[in-house]
Amino acid sequence: MKKAVFLITVGALAACQQEPAEAPATEETVAAEPAEMTVANGSPPGTYTVTMADGSTGTSTINGDGTYVDTGADGTAEEGTWQVIDGKTCFKLNAEGSTQMCWTESAPGEDGSFTATSDAGEVVTVTPAAAAEGEAAAE
């Protein structure tokens with residue numbers, strides 16, 4: 001009989017214990033990947049052929065992390081950073097004492113090329129390197 005009372009008491013105690021409250025459901029938040037940087041006209045990072053007003057060309061490699069490398073026809077390279085400010089794409093060389101140079105860009109054409117005009121009035125034609133290579137092969 002003592003066993004029966006003990007079992008009933010244990011059973012009653014177990015029944016009296018409250019069930020642990022379920023943890024409130026939490027929504028799993030997935031951090032959105034940051035959007036890749038684009039120049040002011042929406043052109044993506046990449047390598048571009050830049051043609052100056054005098055017909056000379058160079059290459060500009062725009063990286064999605066805000067850095068760039070300009071390479072002249074003679075092979076000299078200059079590195080810097082870029083960002084979009086007030087609707088313009090602005091470049092600043094890493095060289096000490098350099099000043100920022102901003103460009104207003106036209107909308108890209110079907111082949112991705114566009115013109116860019118510096119705040120000083122210099123106009124260049126910018127063409128994705130793949131498109132520029134295709135044009136050279138067609139000639």
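Begin by selecting Thr47 and Thr61, whose side chains are joined by a polar contact of 3.3 Å. A polar contact is a pair of N or O atoms within 3.5 Å; within protein, one of the two must be able to donate a hydrogen and the other to accept it, and residues adjacent in sequence count only if both atoms are side-chain atoms.

Before going on, keep in mind that this is a predicted model, in which local features need pLDDT of at least 70 and side-chain atom pairs count only at pLDDT 80 or more, while totals for chains, interfaces and linings use all residues. Residues are numbered from 1 along each chain as its sequence is written, and side-chain values use heavy atoms, with hydrogens and water left out.

**Stop 1: the whole chain**

Show the protein chain as a cartoon, and look for its 2 helices and 8 strands. Helices (H or I, at least four residues) and strands (E, at least two) are DSSP runs, numbered from the N terminus. Followed from the N terminus on, the elements come in the order α-β-β-β-β-β-β-β-β-α. The 8 strands close into a barrel in the order 1-2-3-4-5-6-7-8, with antiparallel pairing; two strands pair if DSSP finds at least two bridges between them. On average, neighbouring strands of this sheet are turned by 35 degrees against each other, direction ignored. For such angles, the axes are lines fitted to C-alpha atoms, for helices over the stretch in contact, and the angles run from 0 to 180 degrees between N-to-C directions.

Of the 139 residues, 22% count as buried, where buried means under 20% relative accessible area, exposed over 50%, and partly exposed in between (1.4 Å probe, protein chains only).

**Stop 2: Thr47 and Ser60**

Return to Thr47, which lies in strand 1 (residues 46-51) and counts as partly exposed because its relative accessibility is 34%. Leaving aside residues up to four places away in sequence, Thr47 touches Thr59, Ser60, Thr61, Thr127, Pro128 and Ala129; contact here means heavy atoms within 4.5 Å.

Now select Ser60 in strand 2 (residues 57-62). Is Ser60 buried or exposed? Ser60 has a relative accessible area of 7%, and it is therefore buried. Its side chain makes a polar contact of 2.7 Å with the side chain of Asp70, and among the residues that Ser60 touches are Gly46, Tyr48, Val50 and Val69.

**Stop 3: two hairpins**

Move to strand 3 (residues 67-71), which is joined to strand 4 by 5 bridges and runs antiparallel to it. Within this pair, Tyr68 stands opposite Gly80 of strand 4, and the hairpin has 5 residues between its strands, with Gly75 in the turn showing a positive phi of about 90 degrees.

Continue along strand 4 (residues 77-85), which is joined to strand 5 by 6 bridges, again in the antiparallel sense. Ile85 has Lys88 of strand 5 as a bridge partner, and the hairpin of strand 4 and strand 5 has 2 residues between the strands. Which residue in this hairpin takes a positive phi? Asp86 does, with a value near 50 degrees, and it is a residue other than glycine. With 78% relative accessibility, Asp86 counts as exposed.

**Stop 4: the disulfide**

Display the side chains of Cys90 and Cys102, which form a disulfide with their sulfur atoms 2.0 Å apart. The pair links distant parts of the chain, since Cys90 is in strand 5 (residues 88-93) and Cys102 is in strand 6, 12 residues apart. A search of the whole structure finds 1 disulfide. The torsion about the S-S bond of Cys90 and Cys102 is about 110 degrees, so the disulfide is right-handed.

Cys90 and Cys102 are both buried. Strand 5 and strand 6 run antiparallel and are joined by 3 bridges, and across them Cys90 stands opposite Cys102.

**Stop 5: onward to strand 7**

Finish by selecting strand 6 (residues 101-105) together with strand 7 (residues 114-118), which pair in the antiparallel sense over 3 bridges. Here Trp103 stands opposite Ser118 in strand 7.

How values were computed: Disulfide = S-S within 2.5 Å.
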